[in-house]
Amino acid sequence: MSVLQRDPQDMLRVLDEGGEPVGEVPDLSDDELVTMYREMYLARHFDTRAVSLQRQGRMGTYPPLSGQEGAQVGSAFALDEEDWLFPSYREHGAALHRGLPLKRTLLYWMGHEKGNRIPEDVNMFPVAVPIATQVLHATGAAWAKKLQGEDAAVMCYFGDGATSEGDFHEGLNFAGVFDTPNVFFCNNNQWAISVPRERQTASATIAQKATAYGFEGVQVDGMDPLAVYAATRAAVEKAKDPGEDERRPTLIEAVQYRFGAHTTADDPTVYRDTDEVEEWKRKDPIPRLEQFLRNTGRLDDEKVEAIESSVKDEVAEAIEAAESEARPEPSEMFSNVFAEQTPEIRAQAEAFAELHERRGDEGFLRE
Amino acid sequence: MSQSQQTQNLTLVQAVRDGLHTEMTNDDRVVVMGEDVGKNGGVFRATEGLWNEFGDDRVIDTPLAESGIAGTAIGMAAMGMRPVAEMQFSGFMYPAFDQIVSHAARLRARSRGRFTCPLVVRAPYGGGIRAPEHHSESKEAFYAHEAGLKVVIPSTPYDTKGLLISAIRDPDPVIFLEPKLIYRAFRGDVPEGDYEVPIGEAAVRREGTDVSVYTYGAMTRPTMEAAENLEEEGVSVEVVDLRTVSPMDKETIVKSFEKTGRAAVVHEAPKTGGLGAEITATLQERALLHQEAPVERIAGYDVPYPLYALEDYYLPSVARVEEGIRNAVEF
Ligand SMILES: Cc1ncc(C[n+]2csc(CCOP(=O)(O)OP(=O)(O)O)c2C)c(N)n1
Ligand SMILES: [Mg+2]
């Protein structure tokens, strides 16, 4: 029986907090498991560095992901090459698994337009800042794949808060009606800025909302990367190749926690107890997977150290590359508005260029 | 305002908070609702401390749904409450747009006065704070275009409190856009307690005889600075701060122009279809024979608001405002 066929209140788990298997370990090679660990570790280290860049004034407001690596990397791992990913704004970990260079992610949060351009070979949409709007795009993209006769699943990430927006409900409803190959992945990190999950919905779980749209919803332990992988893999396979009487879409609620602030502009001590944070830190997905990999002989001190040092180098290089990127040309703001520049935009661009030439940067830059 | 009133020295965002506090104290029909307005006190701290003081029934953290906030606020307003809905950023107001334009704006008209909508929708708006994508736009023209909505944009702490109190007391829906670039940029004297600044009245911030410059919100500052610089060159600039962009104080606008015969408009919103066009048309309609030069529009460009590395090039700067005013004067 599929792991998806369960009561939405019966949370799927593979590893307990100490890394001991309590469910069926998914069929991943040793290399894949170690890579999963490495990517989670990389996401954490990247996050720590990104927050400190912001603190030092080297980057703008940034949304941290610490605590959510298991959900992000575990789920992205379940996608096949041809599948697509529609992120919110916090999935730097999932994005890096898909092949988005860290430098791009940094450039975006450093305010460069370039950071918003996804490389041709990465099947991923740009960040969606307006909450839940991407859910409909993901449904439409999956619908297109189905109409075009392509076998591809479309994964969409969003938060617990996002499930309150109309777009979330419309996206899942369309998916149910048109039986689109979607995986809707809710990163329920318990908080939408300062608003707790209980203020978003009176339902016992978010997973159970799928029932109303006519497809399966499953709750997984989002601090357990292997449970996340198992559920997502089953959902991806079903999306592309549903059994008789099965509906393609799935809603996965990954129960997890954001260890840090909502963004670097937020102070979580105003609205939540440090006890709560500490409690969730004991469920940290990284040591949990590490323990499992050590217990099963796939990792040892030497390998962990090698991973740590290669990750540090990789992140340091990405930061250096992003920071040595020249300030974007002001003329960039006038390009790509339409396929062809309109006469009015051209006139505005020319007037700007003339003034910039005459007054220089001092005529524009503040501070 | 009575003589005995004490004043406090507040930032613009503190004046928002003080206005809310004053009106919540005066009138228990007033409720504040929105995302993170409760315990967190708002992401800009505009509702700080209100939840502690007035409790969960009057300072309400809602689910994350702007259509939900606006739509339920309309229902509350129609039943005699005075909701003040916060949109966390004006860029996230669009889910509420249908409720605002299809219902809030016309409930009075379509029910022929049987139902009304005394609702305030507050939102921080505008650029210049190095914010992420979708956090910096100025789309006041969308709301000003809608019959049945009043649109207020203060530029000083004093006006902010007085206009907010007027907005809450207004019998019709008011969109209250707060220029977040100047939320904490300076302080100003704000009376304690209750006072109103009337909606629909512009303020002449600076008198001059050569050219009239119309602006509002955060652009008031670079405009004043440009005016000072030009004064040194011998150009006498009058600066009119609209304060309410709809309904516009056309009397003050025209009166200034009749004196100067030359004009410029400064707003950070995109040029095309912006309020500068409305002001220009007003001058043409009502004061054509006074006009000595084309009206200059110094505005944001007709492009999506850029990510922050380029935002200083997008926003009207002091230099750009100076150039525009000079064009109007030298024509
Ligand atoms: C439509 C919209 N409304 C409000 C916001 C401001 N905002 C940004 S993130 C956020 C909370 C989102 O919470 P959740 O969906 O749980 O995702 P999380 O940030 O926890 O990952 C809010 C209110 C926004 N970006 N878009
Ligand atoms: Mg959340």
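Where in chain A is Pro242(A) found? Pro242(A) sits in the loop between α8 (225-240) and β7 (250-255) of chain A; helices (H or I, at least four residues) and strands (E, at least two) are DSSP runs, numbered from the N terminus.

A word on the basis of these notes. This is a predicted model, in which local features need pLDDT of at least 70 and side-chain atom pairs count only at pLDDT 80 or more, while totals for chains, interfaces and linings use all residues. Residues are numbered from 1 along each chain as its sequence is written, chains are lettered from A and ligands numbered from 1 in the order in which they are written, and side-chain values use heavy atoms, with hydrogens and water left out.

1. Let us stay with Pro242(A) for a moment. Pro242(A) counts as partly exposed, at 23% relative accessibility. The scale is this: buried means under 20% relative accessible area, exposed over 50%, and partly exposed in between (1.4 Å probe, protein chains only). Pro242(A) and Thr61(A) are 181 residues apart in sequence, and their C-alpha atoms are 42 Å apart in space.

2. Next, the charged surface. Glu24(A), Asp27(A), Asp31(A) and Glu32(A) form a negative surface patch. Patches are made of residues with over 30% relative accessible area and no salt bridge, with like charges joined within 9 Å and nonpolar side chains (Val, Leu, Ile, Met, Phe, Trp, Tyr) within 5 Å. A salt bridge is a side-chain nitrogen of Lys or Arg within 4 Å of a carboxyl oxygen of Asp or Glu. Lys and Arg count as positive and Asp and Glu as negative, while His and the chain ends are not counted; the place of a charge is NZ of Lys, CZ of Arg, CG of Asp or CD of Glu. Glu24(A) lies in the segment before α1 (30-55) of chain A and is exposed, with a relative accessible area of 71%.

3. There is a nonpolar counterpart to look at too. Phe174(A), Val177(A) and Phe178(A) form a nonpolar patch on the surface, with about 260 Å² of accessible area together; such areas come from the Shrake-Rupley method with a 1.4 Å probe, and for residues only the protein chains shown count as cover. Phe178(A) belongs to helix α6 (residues 166-178) of chain A and is partly exposed, at a relative accessible area of 32%.

4. Helix α2 (residues 69-76) of chain A is largely enclosed by the rest of the structure, because 8 of its 8 residues are buried. Among the buried residues of α2(A) are Glu69(A), Gln72(A) and Ser75(A).

5. If you are wondering about cysteines, the structure holds 0 disulfides over all chains, a disulfide being a pair of cysteine sulfur atoms within 2.5 Å. Cys156(A) is in no disulfide, and the nearest cysteine sulfur, that of Cys186(A), is 10 Å away. Cys156(A) is buried, with a relative accessible area of 0%, and Cys186(A) also counts as buried at 0% relative accessibility.

6. Finally, some backbone details to look at. Most residues other than glycine have a negative phi, and most peptide bonds are trans. Ile193(A), not a glycine, has a positive phi of about 50°; Ile193(A) is in the loop between β4 (191-192) and β5 (195-196) of chain A and counts as buried at 10% relative accessibility. Asp36(B) has a positive phi of about 70°, lies in the loop between β2 (30-34) and α2 (50-54) of chain B, and is buried at 2%. The peptide bond from Ser246(B) to Pro247(B) is cis, with omega near -5°.
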